[in-house]
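Student: I have a model open and want to go through it bit by bit. Can you help me read it?

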Amino acid sequence: MSTVAQSRHLVTEIPGPRSVELMARKSAAVSRGVGNTMPVYAAQASGGIVEDVDGNRLIDLGSGIAVTTIGNSSPRVVDAVCEQVAKFTHTCFMVTPYEGYVAVAEQLNRLTPGTGDKRSALFNSGSEAVENAIKIARTYTHKHAVVAFDHAYHGRTNLTMALTAKSMPYKHGFGPFAPEVYRAPLSYPFRDAEFGKEMATDGELAARRAIAVIDKQVGADNLAAVIIEPIQGEGGFIVPAEGFLPALLDWCHDNNVVFIADEVQTGFARTGAMFACEHEGIVPDLIVTAKGIADGMPLSAVTGQAEIMDAPHVSGLGGTYGGNPVACAAALATIDTIEADKLVARAGHIEALMKDKLGRMQAEDDRIGDVRGRGAMIAVELVKSGTIEPDPDLTKALCSAAHQAGVIVLSCGTFGNVLRFLPPLTISDELLLEGLDVLDLLLADL
């Protein structure tokens, strides 16, 4: 079991010689289309540290893009995976099923918002789960159109690229995309302030703006589903103004439109609730999960009202690897860890630490235009001094400098100017604050 010393420690420049060697091998063997955020190769990881092949220990503020929420190689997960691997690795649930799949579905039905009769189906990736949620909604409503939102990210498959808003690097050159996908304006408080304080703070008003676009461009009679991230991920960790999500949900229910919450990045304790929908008390018709569901094992799910989930015909849903037994074992152990170790509360504590530190940085530096997010899903939006003009160059430079200093950070946002933080919930306060202190010093130098 991986037990890495929980301290930042650099023994070479970043990247070190072994990582440089591996980057050369990667260039010769791996498609150029597969990029890397950092030029280092991981050797082991646990808690809040990733150790590279040169022995450098890096503070992890990315969690593999919100996947290792409970920390890399979490003990319960390691034990559960080893036990399952020794029994069997695959039979295909559609051929000879097994208890682990059913147990994961039972847990998802229990944990997701809402108390009614629910069903789940398991898949491999977030994109695959999103596609299946759309299939289910279309079958249930007998309608075809789907609405996604500005700045949305839902995946890299053909349908999910159509749902995703940003062209580079996700969509450019890969069309044509799936038809009957439309886009509506999101509530984006920091940038909606340009249109007045009311639009920035009144979620119901922002929802009326979105619904007006949907009514004019699509029409409820044609609309199968609205899909939205309760807090946007790749789009910039945008938290809609309070009231936006409930107003959309009410409109969907009034118009026989399935409301799909994409909680791929926000799910499983990440935001200081088990699911981000809980912050506004909404119960989506369907909820899509992946990433943090199984501590790094490939697994995703669609969970929702039994009537909707049971709409597809028998064998209409599935896939060879969906709900793999090893991934299911990891998911059950992950859920056990979140609940036993009170990691939902831990995410709330991380939010308080981060917003305090980042808020103080913002007060001293007007290039930090906005600090936002929930739980251990926090972002800063960087702008040019004295304006709200996005500053992607500063963001890129800050990320690069952080990587050189041994801190793993990620950028995002439609304008490429958002620095996002997704630390594992098992990171120590000391490591977390050290990582932010490093960024504070680097930003001052830039």
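Student: Which residues in helix 13 are buried?

Tutor: In helix 13, the buried residues are Leu343, Arg346, Ala347, Ile350, Leu353, Met354, Lys357, Leu358 and Met361. Buried means under 20% relative accessible area, exposed over 50%, and partly exposed in between, with a 1.4 Å probe and protein chains only. Helices (H or I, at least four residues) and strands (E, at least two) are DSSP runs, numbered from the N terminus.

Student: Where do they sit, seen down the axis of helix 13?

Tutor: The buried residues fall within an arc of 130°, so they line one face of helix 13. The arc is that of the directions from the helix axis to the C-beta atoms.

Student: And what is on the face turned away?

Tutor: That face of helix 13 carries the exposed residues Ala345 and Ala363.

Student: What covers the buried side?

Tutor: The cover of the buried residues of helix 13 includes helix 12 (325-340), strand 11 (368-374), strand 12 (377-382), strand 15 (418-421) and helix 15 (429-445). Contact here means heavy atoms within 4.5 Å.

Student: Where do these values come from?

Tutor: This is a predicted model, in which local features need pLDDT of at least 70 and side-chain atom pairs count only at pLDDT 80 or more, while totals for chains, interfaces and linings use all residues. Residues are numbered from 1 along each chain as its sequence is written, and side-chain values use heavy atoms, leaving out hydrogens and water.

Student: New topic. How many residues are in the largest nonpolar core?

Tutor: The largest nonpolar core has 120 residues, and those with the most contacts inside it are Phe149, Phe244, Ile260 and Phe421. The largest share of this core, nine residues, comes from helix 12. A nonpolar core is a set of buried Ala, Val, Leu, Ile, Met, Phe, Trp, Tyr and Cys residues joined through side-chain atoms within 4.5 Å.

Student: What lies apart from it?

Tutor: Another core, of 11 residues, lies apart from it, and Ile231, Val239, Cys412 and Val418 are among them.

Student: Now Lys171. Where is that?

Tutor: Lys171 lies in the loop between helix 6 (158-163) and strand 6 (181-184).

Student: Last one: is Ser19 buried or exposed?

Tutor: Ser19 is buried, with a relative accessible area of 0%. Ser19 lies in helix 1 (residues 17-29).
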